Amino acid sequence: METKLQKRSENKKPLRVKVISLGSAEVGKSCIIKRYCEKRFVPKYLATIGIDYGVTKVQVRNEFYKDTQGVILVYDVGLKDSFDALEGWLTEMKQELGPHGNMENIVFIVCANKVDCGKRRMIDESEGRLWAESRGFQYFETSAQSGEGINEMFQAFFSSILDLCENGKRPQSSVSLGFTKEQADTIRRIRNSKDSWEMLGMKPGASRDEVNKAYRKMAMLLHPDKCLAPGSEDAFKAVVNARTVLLKNIK
C-alpha cells in the first residue's frame, strides 16, 4: 500500500510512503485498508497477491519488505493462532531485510481486528496491548465491518510515519510502559499455565514454605501498586488463588 502524506509545512510537497500489513490469512488486512480508503466494508474479499497469498514465491518477500516505512500487524481477536503468529511475522521481516535492514526506523502498529465478534473473542484487550506495548508498538482495537477504530488507527500511524520522514528516525513511543520485561513475561506465563503449580513456577510436591516463598516473589512482582502492565491485576488475582488452592492440598 502506497499513500501520500501532506507535510506539516504547507509549502512542501506531499510525501509518498510505503506501508504494508502483515498477518495470517483472513484476519482482515485488506478489509481494513478498504474500509479506510473507500469507507465501506467488503465481506468477501479475494486473497490478495502479496504477503498473504499462500503460493507467492519466497524470493518475492524481500521486495515486499524493502523500503517499508510503516507496518500494520493485524490479528483476529477470535483466532488465537493469528495472535500467536505475530512474532513469526516480525522474525520473517527481520530476516528478509537482512543485516543492513533497520527495524528501528520502521513504524509498527498492532491492530486487534474483528472486535465486533462478541463471544467468539479469544484474545482480550489486555493480552494484545501487553504484547504490543512491551515492544514499543502502538495498539488499536478495530472492526473493518463497523469501522470502529479504523480512522484513529490510521491517523496515529501516518502521524508517526510523518515524524519518521521529517526527523530521520522513528519517534519515541508515546506509550509509557510502567512495567518491565520480567513482569510482562510473567503475566504471559500465568495466562498460559495449565494448573496452579505451573502458575507459581513450581513442580508438584513442593512444601508449604516453598509455595509461600514463590508466591511472595510473584506477588511483589505483580502487585497492582508496582506493576502497570496490561493484565497485571488479573495475573495477581490468579497467583493469589493458585496459592490458596495449593496450600489447601498440602498437609
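Author: Two strands pair if DSSP finds at least two bridges between them; strands (E, at least two residues) and helices (H or I, at least four) are DSSP runs numbered from the N terminus. This is a predicted model, in which local features need pLDDT of at least 70, side-chain atom pairs count only at pLDDT 80 or more, and totals for chains, interfaces and linings use all residues. Residues are numbered from 1 along each chain as its sequence is written, and side-chain values use heavy atoms, without hydrogens and water.

Reader: In strand 3, which residue is the bridge partner of Leu22?

Author: Strand 2 (residues 15–22) pairs with strand 3 in the parallel sense over four bridges. Within strand 3, the partner of Leu22 is Leu73.

Reader: In strand 4, what is the bridge partner of Tyr75?

Author: Strand 3 also pairs in the parallel sense with strand 4 (residues 107–113), over seven bridges. The strand 4 partner of Tyr75 is Ala112.

Reader: How many residues of strand 3 are buried?

Author: Buried means under 20% relative accessible area (1.4 Å probe, protein chains only). Gly70, Ile72, Val74 and Asp76 point one way from strand 3, Val71, Leu73 and Tyr75 point the other way, and all are buried. For strand 3 (residues 70–76), the count is seven of seven.

Reader: How is helix 1 oriented relative to helix 6?

Author: Axes are lines fitted to C-alpha atoms over the stretch in contact, with angles from 0 to 180 degrees between N-to-C directions. Helix 1 (residues 29–38) and helix 6 (residues 150–167) pack at about 90 degrees, with axes 10 Å apart. Because angles of 65 to 115 degrees count as such, helix 1 is, relative to helix 6, roughly perpendicular.

Methods:
Angles under 35 degrees count as roughly parallel, over 145 as roughly antiparallel, 65 to 115 as roughly perpendicular and the rest as oblique. Buried means under 20% relative accessible area, exposed over 50%, partly exposed in between (1.4 Å probe, protein chains only).
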